[in-house]
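Me: Could you take a close look at the charged side chains here, and at how they pair?

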Amino acid sequence: MEPNDTEKVTVDGHRLTLTHLDKVLYPATGTTKRDVLAYYAEIADVLIPHAANRPATRKRWVHGVGTEEHPGEFFFRKNLEESAPSWVKRRPVQHSNHTNIYPLVNDRATLIWLGQIAALEIHVPQWQFGRTGAARNPDRLVFDLDPGEGVGLAECAEVARLIRAILSGMGLDPMPVTSGSKGIHLYAAIDGAQTSDQVSAVAHELARSLEADHPDLVVSDMKKSLR
């Protein structure tokens, strides 16, 4: 007999066993695993086009995120879990001295499975796999605005507006995305004609230019001591 907080479901033809559905993953709001799974199901049609065919790194809070005073423990996962269903699409990525197998968030069932294992953050890169499994050129230009000590969302928004003006002048249409903490990510779709190094060079040059024009507001060096 299944526990009361366990259910067997079929998602787009794939069978899943969902467990510990009444576990509270977000204590501050009382949000349970059941709530998270319902949310994932609701946003799947919107999320999947942005994540599909990209290697997904997961940030997992098996026992919940905790509170501001007592944060929950989490871990990053790159390699696909051994317990992953066989129908989860996957691709290898060769790193400097090893290969990881990453899941692809290409369908609703995979997204629900990620919710089942408490993957509460899903990180994907700015490139997609091509049909042969090779990495394509980036199709996104992303700026990560990370506030330093004594700086908040308002200052990040001010910098985001400065970047938006420059990118709009380049014919791009950047969109802000809150990063889950105090910062802002600015995303702009690009045509994939440039390599990763070329796209990074453009981003770094723009950041250095902003730093030169607004030294009281922008630091382009990632060293925390300079933020």
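Reply: Domain bounds come from an automatic or database domain assignment, and by that assignment the chain is divided into domain 1 (6-124) and domain 2 (137-213), with C-alpha centres 27 Å apart. The model is predicted, so local features need pLDDT of at least 70 and side-chain atom pairs count only at pLDDT 80 or more, while totals for chains, interfaces and linings use all residues. Residues are numbered from 1 along each chain as its sequence is written, and side-chain values use heavy atoms, leaving out hydrogens and water.

Counting a salt bridge as a side-chain nitrogen of Lys or Arg within 4 Å of a carboxyl oxygen of Asp or Glu, the total comes to 10. One of them joins Asp22 to Arg34 at 3.2 Å, N to O, and this pair links distant parts of the chain, with Asp22 in the loop between strand E2 (14-18) and strand E3 (24-26) and Arg34 in helix H1 (residues 33-51), 12 residues apart.

Glu205 and Arg208 form another salt bridge, with their closest N and O atoms 3.4 Å apart; they are 3 residues apart in helix H4, so about one helical turn separates them. Elsewhere, salt bridges that share partners join Arg58, Arg60, Arg77 and Glu81 into one network.

Lys59, in strand E5 (residues 57-60), is buried yet has no salt bridge, and the nearest side chain of opposite charge, Glu121, is 4.0 Å away.

Note on methods:
Helices (H or I, at least four residues) and strands (E, at least two) are DSSP runs, numbered from the N terminus. Buried means under 20% relative accessible area, exposed over 50%, partly exposed in between (1.4 Å probe, protein chains only). Lys and Arg count as positive and Asp and Glu as negative; His and the chain ends are not counted.
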